[in-house]
Amino acid sequence: MRASATAAAVACSAACRRVWVAAEFAQLLTAVGQVPPPPHLPVDGGLAFLDEAALGFVMLHRNDAEPVAAHRRFSTARLALHRAQGDRAAGQAWQETATAAAHLATLGDERVVTCMRPTVDGWECSCPLDPVTGQCTASRTTYGFWFNVTGGPHRCNGEDSIAATVERQARTGDPACRWIADDPGALTFVADSYAAAIRAVLPVGVEMRPARSDLGPPIGEEFVGPAHLDDCSWPATYPRTPAGGLDLPTLVSRVDLGPLLVRAPRPGDPDD
């Protein structure tokens with residue numbers, strides 16, 4: 001296959017998005033090594049799509065270490081290539097990507113049908129359907145973390161936990177509540193009360209999980225709910241994003257932290 005035809009196959013393979021046959025997919029992955037490396041031919045988008053499609057096969061074999069490791073190598077090499085665009089490391093990164101793709105192409109031969117239901121983010125799901133049950137393998141998804149929910153317009157300057165939000169509010173809010181910021185017991189009491197109040201306003205099927213210690217830097221408590229839009233039959237009182245998903249920043253902002261700070265028990269209080 002000529003390089004130009006190969007590049008077209010890699011870049012335009014989205015037409016096969018709904019059903020992947022492993023043999024055809026392997027041909028596209030193998031073709032990666034035949035495409036001239038950057039800067040001669042931009043294939044960043046095509047590689048990203050192949051990475052996503054490969055994930056479908058891996059999800060069906062997530063208990064098999066070999067395909068999982070192969071996909072991780074391909075994804076890592078692709079991201080390295082993306083970061084190296086335009087510098088001297090691009091050639092090596094391209095070679096690593098092609099090598100990883102060739103290895104991934106040797107794994108298995110099967111048919112993967114992907115889910116076409118719209119997600120809460122407004123995209124086609126594209127996760128693989130279980131070959132036995134026909135159900136989507138991704139029924140739930142992350143809606144965001146506390147870091148996202150409390151951030152500014154671009155959701156990139158939030159605090160790393162509910163406890164951090166409580167501490168900031170205690171230090172900068174009502175002067176009568178500033179003592180809380182230096183009292184670990186009071187901080188824990190208010191943070192637990194605040195978390196309980198937030199959980200109480202979440203719609204059915206949406207949960208707030210404790211902050212994950214395996215993520216760094218810390219980004220706080222995780223919100224998880226239905227992945228597909230047609231599973232989100234919430235009352236109209238819940239705020240929605242333009243795509244139809246749950247507008248978490250607006251919902252969380254309805255929970256007033258101020259009264260919880262005022263009710264924090266001081267050391268030595270009769271009810272303490």
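**Where two helices cross**

Helix 7 and helix 8 cross in a right-handed way. Keep in mind that this is a predicted model. The axes of helix 7 (residues 162-172) and helix 8 come within 9 Å, with a crossing angle of roughly 115 degrees.

**Who meets whom at the crossing**

- On the helix 7 side you'll find I162, A163, T165, V166 and E167, and they meet L187, V190, A191, Y194, A195 and I198 of helix 8.
- Sorted by class, this contact has 9 nonpolar, 1 polar and 1 charged residues.

**An aromatic pair**

- There's 1 aromatic pair in the structure, and its partners are W146 and Y194.
- The two rings sit edge-to-face, 5.9 Å centre to centre, with 90 degrees between the planes.
- W146 belongs to helix 6 (residues 146-149) and Y194 to helix 8 (residues 184-201), so the pair ties together parts that are 48 residues apart in sequence.
- W146 counts as buried because its relative accessibility is 0%.

**A look at Q135**

- Q135 is in the loop between strand 2 (111-113) and strand 3 (140-145).
- Its relative accessibility is 51%, so Q135 counts as exposed.
- Setting aside neighbours within four places in sequence, Q135 is in contact with P128, L129 and D130.
- From C-alpha to C-alpha, Q135 and C115 are 8.4 Å apart in space, and they are 20 residues apart in sequence.

Technical notes:
Residues are numbered from 1 along each chain as its sequence is written. This is a predicted model: local features need pLDDT of at least 70, side-chain atom pairs count only at pLDDT 80 or more; totals for chains, interfaces and linings use all residues. Side-chain values use heavy atoms; hydrogens and water are left out. Rings of Phe, Tyr and Trp (its six-membered ring) pair if their centres lie within 6.5 Å; planes under 30 degrees apart count as stacked, over 60 as edge-to-face and the rest as tilted. Helices (H or I, at least four residues) and strands (E, at least two) are DSSP runs, numbered from the N terminus. Buried means under 20% relative accessible area, exposed over 50%, partly exposed in between (1.4 Å probe, protein chains only). Contact means heavy atoms within 4.5 Å. Axes are lines fitted to C-alpha atoms, for helices over the stretch in contact, and angles run from 0 to 180 degrees between N-to-C directions. A crossing is left-handed if the near helix is turned anticlockwise from the far one by less than a right angle, and right-handed if clockwise. Ala, Val, Leu, Ile, Met, Phe, Trp, Tyr, Cys and Pro count as nonpolar, Asp, Glu, Lys and Arg as charged, and the others, Gly among them, as polar.
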